[in-house]
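This report goes through the sheet, the helix packing and the ligand surroundings of one model. Please keep the sequence and the structure at hand while reading.

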Amino acid sequence: MPRRQVRTPKQPLDLNRYLLVTDRSRGEFVETEDPDSAQPRRFQPGSEEDVLSQETFPDVPQTLSSQTLFGDDRPLEIEVGSGKGLFLSNECQRCPETNFLGIEIMHKYAKHAAARIAKTGAENARMISGNAEPLFRSRVPNGSLEAVHVYFPDPWWKKRHRKRRVVNETSIRSFREALRIGGRFHFWTDVLDYFEATIELIAQVAPEFGVPIPEEKQDSTHDLDYRTHFERRSRQNQIPVYRIRYEKRR
Ligand SMILES: C[S@@+](CC[C@H](N)C(=O)[O-])C[C@H]1O[C@@H](n2cnc3c(N)ncnc32)[C@H](O)[C@@H]1O
């Protein structure tokens with residue numbers, strides 16, 4: 001007889017309920033070097049794109065809403081650039097009356113975040129593997145969201161790369177359209193230049209957001225008690241973090 005109780009092997013997590021993919025993240029790219037050729041791009045065997053093209057996660061619905069994603073009418077909050085999903089996996093448990101959707105462009109992180117949510121067993125959070133920008137432009141109904149969260153977006157330091165920033169003129173307009181009146185836009189970063197540029201841009205292109213409201217740092221009670229992984233990293237390295245939220249007024 002074994003001295004220790006024999007453990008049942010861990011079941012692999014079924015991510016199908018938690019992860020949706022866009023056409024692009026499914027790997028249906030066309031060859032870009034020769035636009036006249038209709039050949040699908042060949043991926044390096046074993047590369048992330050190659051693996052993706054063989055996965056069968058469900059498609060993102062044409063409209064992103066609580067009804068289409070969760071089959072209910074609870075308020076919906078979207079996080080752009082969820083990374084490894086710490087915010088979503090904590091927040092969906094803290095606020096069971098709200099639905100949460102994370103959009104993450106890097107498939108391996110989207111999958112990681114979906115697995116983190118799946119482990120909580122929560123039914124009110126999902127991940128999309130894909131680019132948030134076109135999804136906001138064409139699939140999120142106007143005035144439908146309770147909140148948009150952007151935490152520690154990639155800084156794109158070089159001036160000529162600034163347009164690649166996740167918070168830019170186009171996305172600010174999209175967030176403004178997508179939020180209901182009274183809805184919130186949370187923006188945290190450790191890059192002072194990004195912080196200041198965002199405040200300036202919002203004042204110019206979305207005065208409906210009113211003035212920025214400072215958000216306070218919360219004391220953490222355990223190792224993963226931070227808003228996101230990047231907040232944890234910044235605070236543990238004594239890097240200042242700039243936190244604001246806006247509330248759409250009209
Ligand atoms: C610096 S990380 C921060 C991750 C997380 N928010 C945190 O604070 O720990 C920025 C994330 O945004 C993702 N991202 C960048 N552009 C994106 C886009 N257009 N749509 C969705 N995700 C994007 C990146 O892949 C990356 O995971």
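Across which strands does α7 lie, and at about what angle does α7 run to β6? In this predicted model, helix α7 lies across β5 (145–151) and β6 (179–189), and its direction makes about 140° with that of β6.

## The sheet

The strands β1-β4-β3-β2-β5-β6-β8-β7, given here in their order, form an open sheet of 8 strands with mixed pairing. At its edges stand β1 (19–21) and β7 (213–214), each of which pairs on one side only.

Strand β3 and strand β4 (residues 125–129) are joined by 5 bridges and pair in the parallel sense; within this pairing, Ile103 has Ile128 of β4 as its bridge partner. Helix α5 packs on the sheet, where α5 touches β1, β3 and β4, and the direction of α5 makes about 170° with that of β4.

## Helices α4 and α5

Two packed helices are described by the angle between their axes and the distance between the axes. For helix α4 (residues 86–94) and helix α5 (residues 107–120), the angle is about 30° and the axes are 8 Å apart. Angles under 35 degrees count as roughly parallel, and α4 is therefore roughly parallel to α5.

The crossing of this pair, α4 with α5, is right-handed. On the α4 side the contact is made by Leu88, Ser89, Cys92 and Gln93, which meet Ala113, Arg116, Ile117 and Thr120 of α5. Sorted by class, the residues of the contact of α4 with α5 are 4 nonpolar, 3 polar and 1 charged.

## Helix α7 and its helix partners

Besides lying across β5 and β6, helix α7 (residues 169–178) packs with helix α8 (residues 192–205), their axes coming within 10 Å and crossing at roughly 60°. The two helices, α7 and α8, are therefore oblique to each other, and α7 passes α8 in a right-handed crossing. From α7, the residues Glu169, Ile172 and Arg173 meet Leu201, Ile202 and Val205 of α8; the contact of α7 with α8 comprises 4 nonpolar and 2 charged residues, with no polar ones.

Helix α6 is another partner of α7: the axes of α6 and α7 come within 10 Å and cross at roughly 40°, which makes α6 oblique to α7. The crossing of α6 and α7 is left-handed, whereas that of α7 and α8 is right-handed. Here Glu133, Phe136 and Arg137 of α6 meet Ser171, Ser174 and Ala178 of α7, and the contact of α6 with α7 is divided by class into 2 nonpolar, 2 polar and 2 charged residues.

## Around the ligand

Which residues are the closest to the ligand? They are Gly81, Gly83, Phe152, Thr228 and Phe230, which belong to a shell of 20 residues surrounding the ligand. Two or more residues of this shell come from each of the elements β3 (99–104), α6 (132–139) and α9 (229–236).

The shell around the ligand is made up, by class, of 11 nonpolar, 6 polar and 3 charged residues.

How values were computed
Residues are numbered from 1 along each chain as its sequence is written. This is a predicted model: local features need pLDDT of at least 70, side-chain atom pairs count only at pLDDT 80 or more; totals for chains, interfaces and linings use all residues. Axes are lines fitted to C-alpha atoms, for helices over the stretch in contact, and angles run from 0 to 180 degrees between N-to-C directions. Helices (H or I, at least four residues) and strands (E, at least two) are DSSP runs, numbered from the N terminus. Angles under 35 degrees count as roughly parallel, over 145 as roughly antiparallel, 65 to 115 as roughly perpendicular and the rest as oblique. A crossing is left-handed if the near helix is turned anticlockwise from the far one by less than a right angle, and right-handed if clockwise. Two residues are in contact if their C-beta atoms, placed from the backbone, lie within 7 Å. Ala, Val, Leu, Ile, Met, Phe, Trp, Tyr, Cys and Pro count as nonpolar, Asp, Glu, Lys and Arg as charged, and the others, Gly among them, as polar. A residue is near a molecule or strand if its C-beta atom, placed from the backbone, lies within 6 Å of it. Two strands pair if DSSP finds at least two bridges between them.
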